[in-house]
Amino acid sequence: MAAHPSVIGRTTRVRGRVTGEVDLDVQGFVDGEIAVGGDVTIDAHGMVGGGVRGRRLVVRGAVKGDLHGEEAIALEDGARVVGDVRAPRVAIAPGALVRGFVETGEGSGASGKASRAQPAARPAAAPPKVAPAAAKAHAGNSAAAAAGPRRPPPPVVPALKKAKGQIAKKKER
Amino acid sequence: MASTVIGAGITVEGEITTDEDVVVAGTVRGKLTAKEGVTIEHGATVEADVAGASLVVGGSLTGNVKAARVTIADGAQFKGNVDMDV
């Protein structure tokens, strides 16, 4: 086994299922599901169009599908993941992009049953998506803020003042 | 040289296409197309149509083969048509 670590090479395209009990290194394209008992590395050039299941997953490439790690998942710089990420330990490095539900902790990798109670995971996982959305919201709220440099707090402060004012008016009545 | 290795303990069900060498020590079912050499190692099981520049069979191969050079090792199992562009 050790003599032949399994590699899906750079120019290789697999359409179908890849299963087994050993480690796998994906440098090419797998259009289908990967389910192995060993570790899976998805290289910077690797792309997977399906779910990936393994003991430990290291992703530097692109995955469109759910990731299940029995022990751990590491999404490194350059990783692009569209799908859910579940493992006892999940690491998302700066530069990694995720769109999906992230669940860490015991039982998350094996069962995959999600108690969707971690809304904080989503914004933290996809900072590039949040930033433009927030900028648009500010521009819409106040036309004056659109001309000036990025100032996230100001829209919040007027909103609080308005609320206070409304309460004060109610009290006056 | 970087190439594709389907190691022992790995099963691929589907289609594999590549521009580089392929070494199969595990199991492949479906179709295997390479521009370079294909090696099916002793202990490997391939149930697929195989195309490549050259083919070396040391394990078990069931399927049709299209390659310019085909080598079947002593003790290998093979069942299928061979097309060597004669």
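Guide: L57(A) lies in strand β8 (residues 52-59) of chain A; helices (H or I, at least four residues) and strands (E, at least two) are DSSP runs, numbered from the N terminus. This is a predicted model, where local features need pLDDT of at least 70, side-chain atom pairs count only at pLDDT 80 or more, and totals for chains, interfaces and linings use all residues. Residues are numbered from 1 along each chain as its sequence is written, while chains are lettered from A and ligands numbered from 1 in the order in which they are written.

Why do we call L57(A) buried? Because 28 other C-beta atoms sit within 10 Å of L57(A). The rule goes like this: 20 or more other C-beta atoms within 10 Å makes a residue buried, 12 or fewer makes it exposed, and in between it is partly exposed, with C-beta atoms placed from the backbone.

Now for the neighbours. Leaving out residues up to four places away in sequence, L57(A) touches V40(A), V52(A), L67(A), G69(A) and I73(A); two residues are in contact if their C-beta atoms, placed from the backbone, lie within 7 Å. Take I73(A): 16 residues separate I73(A) from L57(A) along the chain, yet their C-alpha atoms are 4.7 Å apart.

Let's step back to chain A. It has four helices and 15 strands, and 30% of its 173 residues are buried. Of its contacts with a separation of 6 or more, 6% are between residues 24 or more positions apart.

Next comes chain B, with zero helices and 10 strands. Here 42% of the 86 residues count as buried. If you look at contacts between residues at least 6 apart in sequence, 1% join residues at least 24 apart. As for confidence, the average pLDDT of chain B is 93, and 98% of the residues score at least 70; pLDDT is the predictor's confidence in each residue, from 0 to 100.

How do some of those strands line up? Strand β6 (residues 45-57) of chain B runs parallel to strand β8 (residues 65-72) of chain B, over seven bridges; two strands pair if DSSP finds at least two bridges between them. One bridge puts V50(B) with V65(B) in β8(B). β8(B) also pairs in the parallel sense with strand β10 (residues 82-83) of chain B, over two bridges, and there K66(B) stands opposite D83(B).

V46(B) is another residue worth a visit. Not counting residues up to four places away in sequence, V46(B) touches V24(B), V28(B), L32(B), I40(B), S60(B), L61(B) and G63(B).

Finally, see where the chains meet. The contact takes 23 residues from chain B and 23 residues from chain A. On the chain B side, β1 (4-6) and β2 (10-18) are the elements that give two or more residues, and β2(B) gives the most, with nine. Strand β2 (residues 13-20) of chain A is joined to β2(B) by eight bridges, running antiparallel; among the pairs, V14(A) has I16(B) as its bridge partner. For the complex, the predictor gives an ipTM of 0.83 and a pTM of 0.69.
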